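Have the viewer open as you read.

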Amino acid sequence: QGKNLFEPLYEQQDVDTIMRRIQPESLKRMVDLGDGVSLVFHNAGHILGSALVQLDVKASGGKSRRLLFTGDLGQPGQPILRDYDYPEGADVLLIESTYADRDHPSDEDVKGRLKGFIDDIHQLRSKLIIPAFSVGRTQQILYYLNRLVEEGRMRPTTVYVDSPLSLKATKIYAKHRECYDEEASDILRGGIDPMKFPGLKFNETAEQSRALNDAPGPMVVISASGMCEGGRILHHLRHTVSDPRNIILIVGYQAENTLGRRIVERQSPIRILGDEFELNARVHTINALSAHADRKALMRWFDKIKSERLQRVFAVHGEPEKVEAMQALVRQHGVAEVAAPVPGQKFENV
């Protein structure tokens, strides 16, 4: 394809080495890291197992400083998982900025829109292609489809989850039901698995995946990667983007310079696996499915964890305009010392 070759940053043996060093810890349990530093994880409400990181550091004279890092902070009210925790007493905060400049639409119409798309592909005997992250987003979509089936609002439809990693992740979600919120727990108590329904099929082999290329619709294909930068979704896009009967449904954040972003912006032609294709398929987005907290949710969390101790905030994890928006929000909500660090920049005595 005429691309420049590069040396990989790490190889399989590096992955194996680091995996042997990973040590799982429970939420809300203090872990002594030595040298006066302790760690506590709190639920971040983003995806299964996501955590806020609290570090307590004892300085000279016995004084303690608390640093809190959001990582990816979840959007409240997501299906399946409980909402984020509110750790107290932070002196320094690192806060993500992914959606600091906007609010998500209500998720009340998610099921209605999914139903509409499925009705459409039945009428046109076409395909609904959903690029989705294997962990989190795929399970959300399955949950909403389960609800449509249980409510009798979705006609019988074959739904393929075409990603080995998504299958593994879904099994892990099924295993850790102690992390479910009250609504999902109630569904389970009623004898219903919220991520299963008639017509759902998981493809494991490459042959099963390739068989979908020539199979007629209607069908739904959920596949990774979520930003269309790799994985089996590329092959499904190759075979569907040029047909105006098909629908590509974008359900997650698409970073700049990714194929997913170019699809959202309806750039045409688009390049997939080295070949160009006209983007004739219909492109829709459901921003309400985002697992990242929006502006309102970020500030609701910030206001509850903020105290007189909080003197310094760092806005991170966002495109430049999003980080700038977070800086402005933090100042509006009462903390003047807020910075947007760049690579190589150092801060002392924070």
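Strand β6 is mostly covered, with five of its five residues buried (buried means under 20% relative accessible area, exposed over 50%, partly exposed in between, using a 1.4 Å probe and protein chains only). Lys127, Ile129 and Pro131 are buried on one side of β6, and Leu128 and Ile130 are buried on the other. Helices (H or I, at least four residues) and strands (E, at least two) are DSSP runs, numbered from the N terminus.

Before going further, a word on provenance: this is a predicted model, where local features need pLDDT of at least 70, side-chain atom pairs count only at pLDDT 80 or more, and totals for chains, interfaces and linings use all residues. Residues are numbered from 1 along each chain as its sequence is written, and side-chain values use heavy atoms, with hydrogens and water left out. The protein chain averages a pLDDT of 93, and 99% of the residues score at least 70 (pLDDT is the predictor's confidence in each residue, from 0 to 100). Among the elements, helix α5 (residues 182-189) has the lowest mean pLDDT, 89, while strand β5 (residues 92-96) has the highest, 98.

**Strand pairing**

Two strands pair if DSSP finds at least two bridges between them. On that basis β6 runs parallel to β9, with five bridges, and Lys127 sits opposite Met219. β6 also runs parallel to β10, through two bridges, with Leu128 opposite Ile247.

Elsewhere, seven strands make an open sheet with mixed pairing, in the order β1-β2-β3-β4-β5-β14-β15. β1 (31-34) and β15 (338-339) are at the edges with a single partner strand each, so one side of each has no neighbour in the sheet. Here are some of the pairs in that sheet:

| Pair | Sense | Bridges |
|---|---|---|
| β2 (residues 37-43) and β3 (residues 51-58) | antiparallel | seven |
| β3 and β4 | antiparallel | six |
| β4 (residues 64-69) and β5 | parallel | three |

For landmarks, Asn43 stands opposite Ala51 in β3, Gln54 has Leu68 as its bridge partner in β4, and Phe69 faces Leu94 in β5. β3 and β4 form a hairpin with five residues between them, and Gly61 in the turn has a positive phi of about 85 degrees.

**Helix α2 and the cores**

Helix α2 (residues 110-124) has 15 residues and reaches 21 Å from its first C-alpha to its last, close to the 21 Å expected at 1.5 Å a residue (the expected span is 1.5 Å times one less than the number of residues). Its buried residues are Val110, Lys111, Leu114, Phe117, Ile118, Ile121 and His122. Seen down the α2 axis, these buried residues fall within an arc of 140 degrees, so they line one face of the helix (the arc is that of the directions from the helix axis to the C-beta atoms). Their cover includes β6 (127-131), α3 (137-150), β9 (219-223), β10 (247-250) and β13 (282-285).

The largest nonpolar core has 35 residues, and Leu128, Ile130, Leu145 and Ile222 have the most contacts inside it. Such a core is a set of buried Ala, Val, Leu, Ile, Met, Phe, Trp, Tyr and Cys residues joined through side-chain atoms within 4.5 Å. α3 gives the most to this core, with six residues. Leaving aside neighbours within four places in sequence, Leu145 is in contact (heavy atoms within 4.5 Å) with Leu114, Ile118, Met154, Val159 and Phe197. Apart from this core lies another, of 26 residues, among them Phe302, Ala325, Leu329 and Val335.

Most residues other than glycine have a negative phi, and most peptide bonds are trans. Now for some exceptions. A cis peptide bond joins Gly217 and Pro218, with omega about 5 degrees, and Pro218 lies in the loop between α6 (206-214) and β9. Another cis bond joins Ala224 and Ser225, with omega about 10 degrees; Ser225 is in the loop between β9 and α7 (233-238).

Asp35 has a positive phi near 55 degrees and sits in the loop between β1 and β2, where it counts as exposed at 80% relative accessibility. Ile80 has a positive phi near 85 degrees and lies in the loop between β4 and β5, but Ile80 is buried, with a relative accessible area of 2%.
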